[in-house]
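Colleague: I have a model to go through with you. Can we take it residue by residue?

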Amino acid sequence: MTQTQSPSMSSDVAISGDMRPDYDTILTVEAVDFIAELHRRFGGRRRKLLARRQEKQQAIDEGAELAFLEETEKIRDSDWKVAPVPDDLQRRTVEITGPVARKMIINALNSDADVFMADFEDANSPRWENIVEGQIHLRNAIRREIDYYDDARGKAYKLSSDPATLMVRPRGWHLDEKHISIDGQPVAAGFVDFGLYFFHNAQTLIDSGSGPYFYLPKLESHHEARLWNDVFEYSQDRLEIPRGTIKATVLLETIHAAFEMDEILYELREHSAGLNAGRWDYIFSAIKTFRNRDKPVLPDRSQVTMNTPFMRAYTERLVQVCHRRDAHAIGGMAAFIPTGDESTNEVAFKKVQQDKRRESKDGFDGTWVAHPALVEVARKPFDDVLDGKPHQKDRKRSGVDVSADDLVDFTIPNATITEEGMRTNINVGIQYIDSWLNGVGAAAIFNLMEDAATAEISRSQVWQWLHRDDAKLDDGRAIDGALYEEIADEEMGHIRELVGKQRFENGRFDEARRIFDQVATADDFAEFFTLVAYKDLE
């Protein structure tokens, strides 16, 4: 790392990441000053909100239950709507997601999806070069100045004439960007991702007929949504852009937020573009929230389907709340990666269509995919229901009645924890963390495109099974430290065979195993594995 002074030459702002060629086109004096303004105006509130998370967790550990808020009852009961979204966000039938790598950006924008969510968060390893170069790639894409040449394939990639609408997911409130410090403090990663993108591209996007559109991850309360809304208002005023130009979809991926859906939309109502059902993170959040409570132990994650009671309740309520407020409801991810085996693809495509048929019939307005080959596979079940309409917000789902108890009903009939399920969690978790440490946040593992959410659910399940006396394998064996060590050692061998000797020795699998051991077996539950592993990134 090269310790550098900020581009503004201010002694109160320092950048510790390498300043490579072209980085100064993004980390300009004005852009860095804008990030510093966000930090100084809103950083204190952000820290208080993170402290409130810890206070709420302690209360739950001591027996408090999640409940709908009494103080916001009027918001839930009254009639109000979010502001209309622009034309290019009306149809969101299929959204493709992926990291901010140059080739990925081109392929995703050309995929015939309606929206591409460029991800600085779960699908992106937050190495310094990934963050800064991702901003460069997005800026170039917006100006139609992006291309890519694949030497191995001898293939050139350029943008099509009709690319998908671009949305960007900044990192969550819990993450810092350690390479930029302001007044001696690391700046919030979300301020960096949002600030650089908005500062450099908002007016260009508006001039092209689009706008600055975002996805907001990991929110746990309407207070956290209010903070984003205040950041939006200040940023628009600062750049002399009309308020309401920014539009943001909130990823509903924490069980806390499930109790505040109306309130979150209300706080962002001038800037809201709806809610998205982030299923893997939601399961992880449920385990994390009730980790020290006597709640049912979740089985193998393959058995935690969208039809299990707490997942069904959450998604049913999400559609109902969104449509009552005239907001889009976007469904979950199809992560399959097509292979060279047509029979495998056929089986997987049928499962994807079955999942998307459920979402479309439940009233969702669109859904997520991770690979361009799934765009049309996922689109057809929605087209059958939409019948030419851009969305189905007219389906109010007024008959849905989800209680607080429904949202925390973790019972799953005939649920089992299997050795295979434990092995899968350990194997996939270690493989993903290795990929993340090597700078790749979207990793192809067992024909699925995995991101940080997969590692989180994998390690949280192992942690829960190890720390609950009532968690046993289906064959009666106790799940203890000795069993974990035995399986983890064997899975390291399996990973070595899978990836090959050279890839294994050149990788960071030993570090990944150490990190997985820590977040899966320690007495105290780590809030996010990324907080533990971030210090190992450059």
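Colleague: Is Tyr282 buried or exposed?

Modeller: This is a predicted model, where local features need pLDDT of at least 70, side-chain atom pairs count only at pLDDT 80 or more, and totals for chains, interfaces and linings use all residues. Residues are numbered from 1 along each chain as its sequence is written, and side-chain values use heavy atoms, without hydrogens or water. Buried means under 20% relative accessible area, exposed over 50%, and partly exposed in between, with a 1.4 Å probe and protein chains only. Tyr282 has a relative accessible area of 0%, so the residue is buried.

Colleague: How many aromatic pairs are there in the whole structure?

Modeller: Rings of Phe, Tyr and Trp (its six-membered ring) pair if their centres lie within 6.5 Å. Planes under 30 degrees apart count as stacked, over 60 as edge-to-face, and the rest as tilted. A search of the whole structure gives 27.

Colleague: Are the rings of Tyr282 and Phe310 stacked or edge-to-face?

Modeller: The ring centres are 6.4 Å apart. The planes of Tyr282 and Phe310 meet at 20°, so the pair is stacked.

Colleague: How many residues apart in sequence are the parts that this pair ties together?

Modeller: Helices (H or I, at least four residues) and strands (E, at least two) are DSSP runs, numbered from the N terminus. Tyr282 lies in helix H8 (residues 279–289) and Phe310 in helix H9 (residues 309–324). Phe310 is buried, with a relative accessible area of 0%. The pair therefore ties together parts whose separation in sequence is 28 residues.

Colleague: Are the rings of Trp463 and Phe525 stacked or edge-to-face?

Modeller: Trp463 lies in helix H14 (residues 452–467), and Phe525 in the loop between helix H17 (509–521) and helix H18 (529–533). Both Trp463 and Phe525 are buried. Their ring centres are 5.2 Å apart and their planes at 85°, so the pair is edge-to-face.

Colleague: Which residue lies over the face of Phe525?

Modeller: A charge sits over a ring if NZ of Lys or CZ of Arg is within 6 Å of the ring centre and within 35 degrees of the ring normal. For Phe525, the distance from the ring centre is 4.4 Å, and the residue is Arg459.

Colleague: Which backbone oxygen does the side chain of Arg46 reach?

Modeller: Arg46 sits in helix H1 (residues 29–61). At a relative accessible area of 6%, Arg46 is buried. A polar contact is a pair of N or O atoms within 3.5 Å; within protein, one must be able to donate a hydrogen and the other to accept it, and residues adjacent in sequence count only if both atoms are side-chain atoms. At 2.7 Å, the side chain of Arg46 reaches the backbone oxygen of Trp173.

Colleague: Where does Lys393 lie, and which backbone oxygen is 3.3 Å from a polar atom of its side chain?

Modeller: Lys393 is in the loop between helix H11 (375–386) and helix H12 (404–407). Its relative accessibility is 6%, so Lys393 counts as buried. Contact means heavy atoms within 4.5 Å; leaving aside neighbours within four places in sequence, the contacts of Lys393 include His323 and Asp365. The backbone oxygen at 3.3 Å belongs to Asp326.

Colleague: How many residues of H4 are buried?

Modeller: Helix H4 (residues 128–142) has 15 residues and reaches 22 Å from its first C-alpha to its last. That is close to the 21 Å expected at 1.5 Å a residue, taken as 1.5 Å times one less than the number of residues. H4 is largely enclosed by the rest of the structure, because the number of its 15 residues that are buried is 14.
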